Amino acid sequence: LILLVYRLKSSVSFLARSDQPSLAYRKLKGRNPGVIFLPGFKSNMNGEKATALEDFCSSLGHAYIRFDYTGCGSSAGNFGECTIGKWRKDVLSVLDELADGPQILVGSSMGGWLMLHAAIARPEKVAALVGVAVAADHLVTSFKKLTLEAQKEIEDKGEWKFPTKHSEDGYYSLTYNFLREAENHCVLNSPIPIMCPVRLIHGMKDSDVPWQVSLQVADRVLSKDVDVILRKVGQHRMSEKEDIKLLVNTIDDLIDKLAVLS
């Protein structure tokens, strides 16, 4: 029995790509729809939500993939050279090369922004979306809220340090070029051409990404099947036991719904 449990755990593999750095991933074989977890900014596939979802999919016998973006975790590449566009390509590589059949994408924070791009680019493969504290356009929006003087100073320095409690230094650092490139991937300025079911979970005590961003996404998405679930005491990471239970139940309901639809 111990052996069996061990076998169900995924091991790290690498997706080699001819023109881009190789991506580290863990894949569990199983039924469709598969579930793919997209981590947040400066996060990786070993977080609590990512591993909890693997246990959940394993127990249901559904396929599951978690992975690290270029320059993050165990993947190749240099973080300092990464852009939203490069990470978007990573998600599409995972969808195209590793995933079979329809997928439910679960995007945490920045991963929620990237999952929207993936659903736009691969509507035939993305069956549903679950966002956790979706940070759509958030880095760009935050930058544009700074005074013009502050923006100019960041442009001159070529670097933006913004406060966060998720880093030992107390801040994250972004290049000005990263911000400029990220502007090309903003989605909230116009209707978002996504027709699949969308579930957006957000903590109202989120001090990183305001919960109103999830409402904006819900408003912009063309799909009629969109629910926003607000947790009054939820923080940004949404990795408390009750938060993860909510996430798992949300995905469980979607799996049932997709079974009926197909």
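How much space lies in the second largest pocket? About 210 Å³ of space lies in the second largest pocket, where a pocket is, on a 1 Å grid over the protein atoms alone, an open set of points at which a 1.4 Å probe fits, with protein on both sides within 12 Å along at least five of seven lines. This is a predicted model, in which local features need pLDDT of at least 70 and side-chain atom pairs count only at pLDDT 80 or more, while totals for chains, interfaces and linings use all residues. Residues are numbered from 1 along each chain as its sequence is written, and side-chain values use heavy atoms, with hydrogens and water left out.

**Pockets**

- The largest pocket holds about 730 Å³ of space, a volume being the space filled by probe spheres set on grid points that are joined across faces, edges and corners.
- Its lining is made up of 33 residues, of which F41, S109, H166, Y172 and H236 lie nearest the centre of the largest pocket; lining residues have an atom within 4 Å of a point.
- The lining of the largest pocket divides into 14 nonpolar, 14 polar and five charged residues, with Ala, Val, Leu, Ile, Met, Phe, Trp, Tyr, Cys and Pro counted as nonpolar, Asp, Glu, Lys and Arg as charged, and the others, Gly among them, as polar.
- Helix 2 (48-60), helix 4 (110-121), helix 5 (138-144) and strand 7 (159-163) each supply at least two residues of that lining; helices (H or I, at least four residues) and strands (E, at least two) are DSSP runs, numbered from the N terminus.
- The second largest pocket is lined by 15 residues, and A136, D137, T141, L188 and Q216 lie nearest its centre.
- Helix 5 and helix 8 (212-220) each supply at least two residues of the lining of the second largest pocket, and the largest share, five residues, comes from helix 5.
- Six nonpolar, six polar and three charged residues form the lining of the second largest pocket.

- Eight strands form an open sheet in the order 1-2-4-3-5-6-9-10, with mixed pairing, two strands being paired if DSSP finds at least two bridges between them.
- The edge strands, each pairing on one side only, are strand 1 (12-15) and strand 10 (226-231).
- Strand 2 (residues 23-28) and strand 4 (residues 62-67) run antiparallel and are joined by four bridges, and R66 in strand 4 is the bridge partner of R26.
- Helix 4 packs on the sheet and touches strand 3 (31-38), strand 5 (103-108), strand 6 (126-132) and strand 9 (198-203), contact meaning heavy atoms within 4.5 Å.

**Backbone geometry**

- Most residues other than glycine have a negative phi, and most peptide bonds are trans.
- The peptide bond from N32 to P33 is cis, with omega near -5°, and P33 is placed in strand 3.
- A133, in the loop between strand 6 and helix 5, has a positive phi near 50°.

Conventions. Axes are lines fitted to C-alpha atoms, for helices over the stretch in contact, and angles run from 0 to 180 degrees between N-to-C directions.
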